[in-house]
Structures are given as structure tokens and as C-alpha cells.
Amino acid sequence: MPTAALPRRRFLIEDDGLIGSTATGALVHNDGTITWACMPRFDSPAVFASLLGTKEHGFWRLGPATDGEPAAADRRRYRDDTMSLDHEWDTPTGSVRVTDFMPLGARTPRIIRSVEGLSGTVTMTWKCRARPGYGAHAPLYTRTSRGATARLCATVHPDSYWLDGPHHAITNAGARCDFTITAGERIVFTLTWSPSSHPAPDLRSPRSARTRTEAALRDWTSRCLYQGPYREAVVRSALVLKSLCHPGGGIVAAPTTSLPEDIGGERNWDYRHVWLRDSALTVTTLARLGHTEEAEAWRDWLLGVLGRAAGRLQIMYGLGGERDLNERELDHLPSYEDSQPVRVGNGAAGQLQLDVPGEVADALLAAEDAGLPASRDADAMLRALARWTEDRWAEDRWAERDEGIWEVRGPRQHFVHSKVMAWSAIDRTIALLRRRASTTADELAHWQQLRDAIHRDVCEKGYDPERNTFTQYYGGRELDASLLLIPQVGFLPPDDKRVIGTIEAIQRELSTEDGFVLRYPTHDESGNNVDGLSGHEGAFLACSFWLVNGLAMIGRVQEARELFDRLLALRNDLGLLAEEWDPRLGRQVGNYPQGFSHLALVSAALRLTACGAAYLPAQRAQPAGALPEREQGTLTVAGVRQGCG
């Protein structure tokens, strides 16, 4: 529970649910209020931004009428294997259901809200306050009609938001509709974005849009290879990941900005961009579940961004491949629970992070293993990433200091995880090039020598023999949860004493009382901040799932299962996870829902299921020339590197 020194809790991050079209998304509070929506893209300015402010900054509420604050629904759930979200209320006069969704494949993004009377008669209220520009602008409302449908248009150039429904009125605050609904009756309201210079969008059937969207998602989930004991959690996580996959191929890390990692603190970032690392890990995860469409779209997007050269490689881009992600603060938004500032854009885009080619190369390999055909252009890009600049990258760059996976805003270091992933980039490049008839023996020999050199360097400089553990960076003593990935990427086998010592040290020194894992110590022994930011942060959920993997790989499977079960219990009633868990407050923190958390959940579920021998997925035919196992690393089953003691 909050202490006196902490801001008063308004509502929990996990009280919201996600709906989305894959082009963008919206958060729906458990009382039927849309608190966050960006159109037409995830990274567009929000038209509803009360999540980071007040009702004055935009919301759309639909639920039973009340004299006071709206009541939370008595029940809510996703319709089976879809992103259609139901809220149900029981009132003294009857029961009602509201179903929210966004159509897949729509040329313009649209939110559809369907009200259905379940029993009796219920008086309902519909209030919409559109505030484009993250709540900064009050639009001009105009009214038209078409048949039985009343149309309102809220315009602030260059955007228009068309509100359609049977009846509603313009008010000083926006738009409102009060109505009653009886058992068996259905009323539909929609909001459609359109450029303000375009004609009014067509009125299309909401019911057929819902039928098509739900059928498409159920077909997609039916092709998931995983049939093990954690299927519900895996499928829901996969749907979250799919929801973050833009039709253009880019994959955002989360649909929100500035939800704090430290309530009341400054650790607030914009995650509505395409991190190459996060997007690559998403592709790898979906490929291991048997989904290659997203991998192909992402590979094409990446080729469009990088081409055949990687000399200007950034760690992240905009959804359209934009390189300028200038970070700025929105002073007009109060922020979530006084956690200032609210940021848009991300200054980390200009950082050096040496691990990125490793995740990208691993994703390309996983996608090909899952059945995605090889591509000459992708091979050229892979070689460019392995060089990175006109002079060979890995002969120069891998030995540099960088900001690392956690994007520290302090001094650069020789982060061990960065070096391990540089090794992984070369290892996966070798694995893919071995399948190509055009690869020469001299080229393979060069990359093998380089891979071995990186391996020796890490083992000599990144390992502390006195404590039997790898360290966060060369010459340091601190630990880092990213070291848990050393056996998972195949850098060392799970039975290596250095791996066992590292996993046990992280569990001992970076775990909370509940066994959840911190990324790294934010303060040194003297209490000084070490990452350039004030405050603390919660347990990083992806790292905690990494520990599940690590424990299982060194034979402590039952302990891993128990930790996994505790992590699953942190999900909200819809199965969603933010970036972190605050053990002090017992609540989720950080941007939400977070792709990194959900992909790590899937990886841990696959590991535990494989270790329990309860699930062996259907093996796909290997591409011609594929090796049965890595030259280094360990065997894989559906992309899960084995190691269960």
C-alpha cells in the first residue's frame, strides 16, 4: 500500500484493458472509460489522454448512468482468443454489456462500442470529450445526420474524429448521450479518425467488422503451435504481441508513453517506437509459436529502413522508419500520479547499443527456422549488420563501450551483455551463411575467428573468478539481470560452473522478497545513483521470467515453476502485464501492456513445458542445408534452447 510520502492512488495501471487494430490501440478502464487513444498510429498525438492527466485532457465514457463517479464493471473479459473486450454491469433495474474493439485491416482506424441489454432496462450515459494533441486542443464540433445515424465531427486540423450513433448532443464539454437499453436491444457507437481535409468516412457495418475481426484473430490463434499447460497465458501474450505489430511491419514496444517505473519519479519514457531489439525479440517469439507473417512484414520493414547498409544504424525508429525521435516534455499534462515529466519521443535513439545486431540476427534465424523463405536482400543486410560500418564493425565496434540494453543515461561501459550479444550476432550470421551455397570457406573462417575472439574477451574480462559470476561490465563488481541470457543465447552451456554461479548470484543479490528480479542496482554501496536517473524502480518482469528460464536450465525446475506461477499471478484479470512490478505498492508500473514482459512470459512457458516433457511441438521441416544443431550453443526444440538439468 502507498506510504504517506507517495502520491495518492487514483487508479491502477492494470485497471485498464487494451483494444487495438495493430495500426494503433486504446486503453479502456474497468468503468468503461477510454483513457488513452492515439490515431491514426500508435505514436500519433493522443485524442484521449486522461490516463496522463484529468478528464479535461480527453476521455470517452460509456456505462450505466450514475450521479457520482462511474462504477467498475462487475465482470470484464476478452472474448475467446480475440482482442474484443466485454464489460458487464448488474444494476438494480437490469444488466448490460458493452463490447469494445477496433477493426483489423481498416483503411482508417475506428473504435467501435456496442451496447447490449442483457436483462431488464438500464439507463446509460455516453460522454465523449475529444482533446487532440495530448489533451491540448479543444476541437470544433459540427453535427450532421444520415438516416437514423447522427454524426458529430470533432476537428482540429489536420485531424477529424467522426462520432456516429443513434443520438447524441453537443455540450460545452464535448458530446453526450443519455439513453435506455432493454433486454435484447443493441446500440452501437463508433469513432473514426480521418484527415480533416478528406470527406466524411463511409458508414460501414460495425457488426460485420466485428465478425471479420474476431474470425481473423481466432484463425490466427488456432495456428499457434503451443498446446501445453500454459496455453491461456501464452495465447493472450501472443495476442498482445500481435496487437503491437503495425501493418507496415514496425513493432512498438508498448502503446503508451510516460507510465512511470517509479510512482512519483522521473523514470517515464515513450515506448511507442520501434526498438530493433524489442521488435526482433517479438518476431523471434511469434516465430517460435509458428507465426511467420509478422516476421516477414518486419523483415521487409527493416530492409526498407536499413537497406543493404547499416552504417547509420540506430537502436530505434518511428513506425514509418523515421530517424528523428526528438525527445520533448509535455508541460500541459499533469502526468500519471504526479510522475513528471510526460515525455514524447525518445532521446535514447542516438545511443550506441552493441547488442542490437545480435537480437536482429537471432530473429532472422528463428524466422527462417519457422519456415520463412530466405532472402538475398536479408542476407546482404545480415552481412552489413555484422560489419556495421564500412570498416568491419565487429573488428572495431564490439570492443567499444556503450550504453547497453538498459539505455543508461550515465557513463558508457564495457557491458558484458552487449559483448555477449555481439558474439551472438556473429554466431547467428555463421549459422545462416552456412545454409547458403554462395558462402565461401574464407568468409566463414573470418567470422569464426571473430566469434572466438569475442568469446575469449568476455570470459577473460567479464568474469569474476573470486565470486564465480559474470559482472555487469568489465572490471565492475555489480550484477545485471541481462547476464541471465548467457546460457539462453548459447554463449555457454547451462552446466558450466560460471553460468550456475551467475544465475545463483543474481537470484541472491537482485531478487526481491517474492523472488522477482531487479534489472541492476540503481544505487551503489554509498547510495549514489549509477544510471544517471533519480529514484528507484520495481522488479523488471522480463528479467524475472529470464530467471525462470535460468533456474530450469540448471536443473531447478520445480523452483522455476513456482516462480513462474507467482509471476502469472501478477497479471491482471485480463492477462496483461506492464513493464515492472512495484513490490512496495503491490502494483504494476511502467508502460502498459509491455511487449517485453509478454514475450519473456512466452519464452519461460516454452522452457518449462519442454523441461516437463508435457509438450513437444510439431517439428517444421528444416530448410535445405540447415544444421541439426549449432556449432556452438545447444539443441533447440521449436526454438527453445534446451537445458533442464
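# Briefing on a predicted model: sheet, helices, cysteines and rings

Strands β22, β23 and β24 form an open sheet of three strands in that order, and the pairing is antiparallel. The edge strands are β22 (539–540) and β24 (587–589), each of which pairs on one side only. This is a predicted model, and the points below go through the sheet, several helices, the cysteines and the aromatic rings.

**The sheet and the residues beside it**

- Strands of a sheet pair through backbone hydrogen bonds, which may run in the parallel or the antiparallel sense.
- Between β22 and β23 (residues 580–582) there are two bridges, and the sense is antiparallel; within β23, E580 stands opposite F540.
- F540 and F596 are both buried, and because their ring planes stand at 90°, with the centres 6.0 Å apart, the pair is edge-to-face.
- Once neighbours within four places in sequence are left aside, A542 is in contact with F596, S597 and A600.
- A542 and L518 lie 24 residues apart in sequence, while their C-alpha atoms are 9.7 Å apart in space.

**Helices and their surroundings**

- Most of α6 is covered, as 13 of its 14 residues are buried, and the helix is followed by G371, whose phi is positive, near 115°.
- Helix α3 (residues 231–243) has 13 residues and reaches 18 Å from its first C-alpha to its last, close to the 18 Å expected at 1.5 Å a residue.
- Because 11 of the 13 residues of α3 are buried, this helix is largely enclosed by the rest of the structure; among the buried residues are R236, L241 and K242.
- T282 has its place in helix α4 (residues 276–288) and counts as buried at 4% relative accessibility.
- Apart from neighbours within four places in sequence, T282 is in contact with L241, C245, I251 and L599.

**Cysteines**

- A disulfide is a covalent bond between the sulfur atoms of two cysteines, and the structure holds zero disulfides.
- C128 is buried, with a relative accessible area of 2%, and C543 also counts as buried, at 0% relative accessibility.

**Aromatic rings and charges over them**

- The count of aromatic pairs comes to 17, and one of these is formed by W60 and W126, which are edge-to-face at 6.0 Å centre to centre with 85° between the planes.
- That pair links distant parts of the chain, with W60 in strand β5 (residues 59–64) and W126 in strand β9 (residues 110–129), 66 residues apart.
- W60 counts as buried at 0% relative accessibility, and W126 is likewise buried, with a relative accessible area of 0%.
- Ring pairs link F48, W60, W126, F179 and F189 into a cluster.
- R113 lies over the face of W60, at 5.1 Å from the ring centre, and K419 lies over the face of Y474, at 5.7 Å from the ring centre.

Key. Residues are numbered from 1 along each chain as its sequence is written. This is a predicted model: local features need pLDDT of at least 70, side-chain atom pairs count only at pLDDT 80 or more; totals for chains, interfaces and linings use all residues. Side-chain values use heavy atoms; hydrogens and water are left out. Two strands pair if DSSP finds at least two bridges between them. Helices (H or I, at least four residues) and strands (E, at least two) are DSSP runs, numbered from the N terminus. Buried means under 20% relative accessible area, exposed over 50%, partly exposed in between (1.4 Å probe, protein chains only). A disulfide is a pair of cysteine sulfur atoms within 2.5 Å. Contact means heavy atoms within 4.5 Å. The expected span of a helix is 1.5 Å times one less than its number of residues. Rings of Phe, Tyr and Trp (its six-membered ring) pair if their centres lie within 6.5 Å; planes under 30 degrees apart count as stacked, over 60 as edge-to-face and the rest as tilted. A charge sits over a ring if NZ of Lys or CZ of Arg is within 6 Å of the ring centre and within 35 degrees of the ring normal.
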